[in-house]
Amino acid sequence: DSHLFFEAGRCYGLVATNGAGKSTLIRAMRDGIIPGYPHNCRTFLIEQEDAGDERTALEVAMSADEEVAAERRKELLLLRGVEGPE
């Protein structure tokens with residue numbers, strides 16, 4: 001058995017060799033199938049890709065977070081258009 005402790009308000013990332021189980025763990029966290037894992041935690045899995053540039057793993061992760069934020073802003077604008085102005 002393994003135990004993890006996550007502090008509220010902090011961001012965490014997993015870095016390990018291929019095949020170590022990072023994606024499996026994060027999917028289980030995201031899907032809420034780990035006993036005791038809080039359902040109010042936002043869990044993101046950035047799928048593995050070879051961007052072919054000189055960015056570090058952290059830079060790739062941060063750019064993905066920026067992309068997610070941009071897509072959520074677009075979604076909110078679309079929803080406002082459907083629901084009408086506030």
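**Salt bridges, surface and loop in a predicted model**

K74 forms a salt bridge with E71, the closest N and O atoms being 3.2 Å apart. This is a predicted model, in which local features need pLDDT of at least 70 and side-chain atom pairs count only at pLDDT 80 or more, while totals for chains, interfaces and linings use all residues. Residues are numbered from 1 along each chain as its sequence is written, and side-chain values use heavy atoms, with hydrogens and water left out.

Trainee: In which helix do K74 and E71 both lie?

Mentor: Helices are DSSP runs of H or I with at least four residues, strands are runs of E with at least two, and both are numbered from the N terminus. K74 and E71 are 3 residues apart, about one turn of the helix. The helix that holds both is α2.

Trainee: Is K74 buried, partly exposed or exposed?

Mentor: Buried means under 20% relative accessible area and exposed over 50%, with partly exposed in between, using a 1.4 Å probe and protein chains only. E71 has a relative accessible area of 47% and is partly exposed. K74 has a relative accessibility of 47%, so the class for K74 is partly exposed.

Trainee: How many salt bridges does the rule count?

Mentor: Side chains of opposite charge can pair when their charged atoms come close. The rule asks for a side-chain nitrogen of Lys or Arg within 4 Å of a carboxyl oxygen of Asp or Glu. Besides the pair K74 and E71, the side chains of D31 and R30 meet at 3.1 Å, N to O. The count comes to 2.

Trainee: Where is the place of G32?

Mentor: G32 has a relative accessible area of 28% and is therefore partly exposed. The place of G32 is the loop between α1 (22-30) and α2 (57-83).

Trainee: Which residues form a nonpolar patch on the surface?

Mentor: Patch members have over 30% relative accessible area and no salt bridge, with like charges joined within 9 Å and nonpolar side chains (Val, Leu, Ile, Met, Phe, Trp, Tyr) within 5 Å. L4, in the segment before α1, counts as exposed because its relative accessibility is 57%. The patch has about 320 Å² of accessible area together, by the Shrake-Rupley method with a 1.4 Å probe, where for residues only the protein chains shown count as cover. Its residues are L4, F6 and Y12.
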